[in-house]
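Thanks for coming. I will take the side-chain contacts one group at a time, and the structure goes up first.

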Amino acid sequence: GDYQIVANGIDYKVNGTNYSDVAAVLQADHDFAIERRYAIEYYAPDIGLIEKQMIIYDTQCECPGESWEEKADSGFSFRQTLIEFN
């Protein structure tokens with residue numbers, strides 16, 4: 001898929017540290033009846049990747065009104081953050 005810069009030059013906080021001039025790159029954002037795909041990365045100047053979020057869920061149940069966490073048969077959600085930079 002096509003990646004898209006959804007924010008540029010923003011202030012963004014990770015683990016209590018404020019970063020400025022951050023770019024957010026959306027890699028996927030699909031929410032269909034039986035699958036959810038979401039991935040975004042945040043980059044800070046002179047550092048690189050400071051945070052990544054990813055959600056991958058699949059279900060056989062369309063279940064209107066239920067959250068993905070409730071109706072998912074398989075998948076995962078994670079958030080990876082920068083702890084330290086030298």
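This is a predicted model: local features need pLDDT of at least 70, side-chain atom pairs count only at pLDDT 80 or more; totals for chains, interfaces and linings use all residues.

I start with the cysteines. A search of the whole structure finds 1 disulfide. It joins Cys61 and Cys63, with the two sulfur atoms 1.3 Å apart.

Cys61 has a relative accessible area of 30%, so it is partly exposed. Cys63 comes out at 15% relative accessibility and therefore counts as buried. As for position, Cys63 sits in the loop between β4 and α1.

Cys63 also has a backbone entry. Its phi is near 40°, which is a positive value in a residue other than glycine. As background, most residues other than glycine have a negative phi. Asp21 is another case: its phi is near 60°, again positive and again not a glycine. Asp21 belongs to strand β2, residues 17-31. Its relative accessible area is 46%, so Asp21 is partly exposed.

The mean pLDDT of the protein chain is 95, and 99% of its residues reach 70 or more. Where is confidence lowest, and where is it highest, in the protein chain? The lowest is helix α1, residues 68-71, at a mean of 94. The highest is strand β4, residues 48-58, at 98.

Next, the charged pairs. How many salt bridges does the structure hold? The count is 5. I will go through some of them.

Arg36 and Asp29 meet through their side chains in a salt bridge, at 2.7 Å from N to O. Arg36 is at 15% relative accessibility and so counts as buried. Asp29, with a relative accessible area of 43%, is partly exposed.

Then there is Glu35, which forms a salt bridge with Arg37; the closest N and O atoms are 3.8 Å apart. The cut-off for a salt bridge is 4 Å, and the Glu35 to Arg37 pair is at 3.8 Å. Glu35 is partly exposed, its relative accessible area being 28%.

Another salt bridge joins Glu51 and Arg79, with the closest N and O atoms 2.8 Å apart. Which parts of the chain does that pair link? Glu51 is in strand β4 and Arg79 is in strand β5, residues 74-81; the two are 28 residues apart, and the pair links distant parts of the chain. Are these two partners buried or exposed? Glu51 is at 1% relative accessibility and so counts as buried. Arg79 is at 53%, so it counts as exposed. The line for exposed is over 50%, and Arg79 has 53%.

That leaves the rings. The structure holds 3 aromatic pairs. One of them is Tyr12 with Tyr42, which is stacked: 4.0 Å centre to centre, with 10° between the planes. Why does this pair tie together parts that are 30 residues apart in sequence? Because Tyr12 lies in strand β1, residues 4-14, while Tyr42 lies in strand β3, residues 35-44. Both Tyr12 and Tyr42 are buried.

Phe76 and Phe78 form another stacked aromatic pair, at 6.1 Å centre to centre and 20° between the planes. The pairing cut-off is 6.5 Å between centres, and this pair is at 6.1 Å.

Lys71 lies over the face of Trp68, at 4.3 Å from the ring centre. Both residue numbers fall in helix α1, residues 68-71, where confidence is lowest in the protein chain, at a mean of 94.

To go back over the main points: 1 disulfide, between Cys61 and Cys63; 5 salt bridges, including the Glu51 to Arg79 pair between strands β4 and β5; and 3 aromatic pairs, among them the stacked Tyr12 and Tyr42. That is the end of my list.

How values were computed. Residues are numbered from 1 along each chain as its sequence is written. Side-chain values use heavy atoms; hydrogens and water are left out. Rings of Phe, Tyr and Trp (its six-membered ring) pair if their centres lie within 6.5 Å; planes under 30 degrees apart count as stacked, over 60 as edge-to-face and the rest as tilted. Helices (H or I, at least four residues) and strands (E, at least two) are DSSP runs, numbered from the N terminus. Buried means under 20% relative accessible area, exposed over 50%, partly exposed in between (1.4 Å probe, protein chains only). A charge sits over a ring if NZ of Lys or CZ of Arg is within 6 Å of the ring centre and within 35 degrees of the ring normal. pLDDT is the predictor's confidence in each residue, from 0 to 100. A disulfide is a pair of cysteine sulfur atoms within 2.5 Å.
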